[in-house]
Amino acid sequence: MNSFLQSFLDPKKNFLARMHMQSVSTRLRRYGLRYDDTYDQYYHMDIKEALNRLPREVVDARNQRLKRAMDLSMKHEYLPEDLQALQTPFRSYLQEMLALVQRERKEREALGALPLYQRTLP
């Protein structure tokens, strides 16, 4: 990425990026979610593989957050204010593993090896 685009997307340097990040943070806090919870494992196989490699406790905590958020959404409610204050929406648990999986996939493609996983229709 060139330096202009990086500075444009950096919340520390761009007011609009900071406002957007604050808006996303507020919406995630209302339901007790983290940003990494919004990644869909059925959208891309790299995400599914990264989730499979994470410790079971991390995946279970993710599933509990998603269930709680769906329950709150169906009830048209938000988390209580005191619980919203405890949320950490941008604490990442998936990014490092996802980057590792993507590097491995690109390396396999460069070497001409078969992919580790392929999408199959149910």
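Modeller: Helices (H or I, at least four residues) and strands (E, at least two) are DSSP runs, numbered from the N terminus. By that rule the chain has six helices and zero strands. This is a predicted model, where local features need pLDDT of at least 70, side-chain atom pairs count only at pLDDT 80 or more, and totals for chains, interfaces and linings use all residues. Residues are numbered from 1 along each chain as its sequence is written, and side-chain values use heavy atoms, with hydrogens and water left out.

Biologist: In what order do the elements of the chain run?

Modeller: From the N terminus on, they run α-α-α-α-α-α.

Biologist: Why is Asn-14 called buried?

Modeller: Buried means under 20% relative accessible area, exposed over 50%, partly exposed in between (1.4 Å probe, protein chains only). Asn-14 has 13%, so it counts as buried. Asn-14 sits in the loop between helix H1 (3-9) and helix H2 (15-31).

Biologist: What does the side chain of Asn-14 reach?

Modeller: The backbone nitrogen of Leu-16, at 2.9 Å. A polar contact is a pair of N or O atoms within 3.5 Å; within protein, one must be able to donate a hydrogen and the other to accept it, and residues adjacent in sequence count only if both atoms are side-chain atoms. The 2.9 Å from Asn-14 to Leu-16 falls within that 3.5 Å limit.

Biologist: And His-76: why is it called exposed?

Modeller: Its relative accessible area is 76%, over the 50% cut-off, so it counts as exposed. His-76 lies in the loop between H4 and helix H5 (81-86). His-76 also has a positive phi of about 55°, although it is not a glycine.

Biologist: Which residues of helix H3 are buried?

Modeller: H3 covers residues 45-53, and Met-45, Asp-46, Ile-47, Glu-49, Ala-50 and Leu-51 are buried there. These buried residues pack against helix H4 (56-74) and helix H6 (95-111). Contact means heavy atoms within 4.5 Å.

Biologist: How much of the whole chain is buried?

Modeller: Of its 122 residues, 25% count as buried.

Biologist: How do you set the chain against a compact globule?

Modeller: By radius of gyration, taken over C-alpha atoms; the globule rule is 2.2 Å times the number of residues to the power 0.38. For 122 residues a compact globule would have a value near 14 Å, but the chain has 17 Å. The C-alpha trace spans about 50 × 40 × 25 Å along its principal axes.

Biologist: What share of contacts between residues at least 6 apart in sequence joins residues at least 24 apart?

Modeller: In this chain, 69%.
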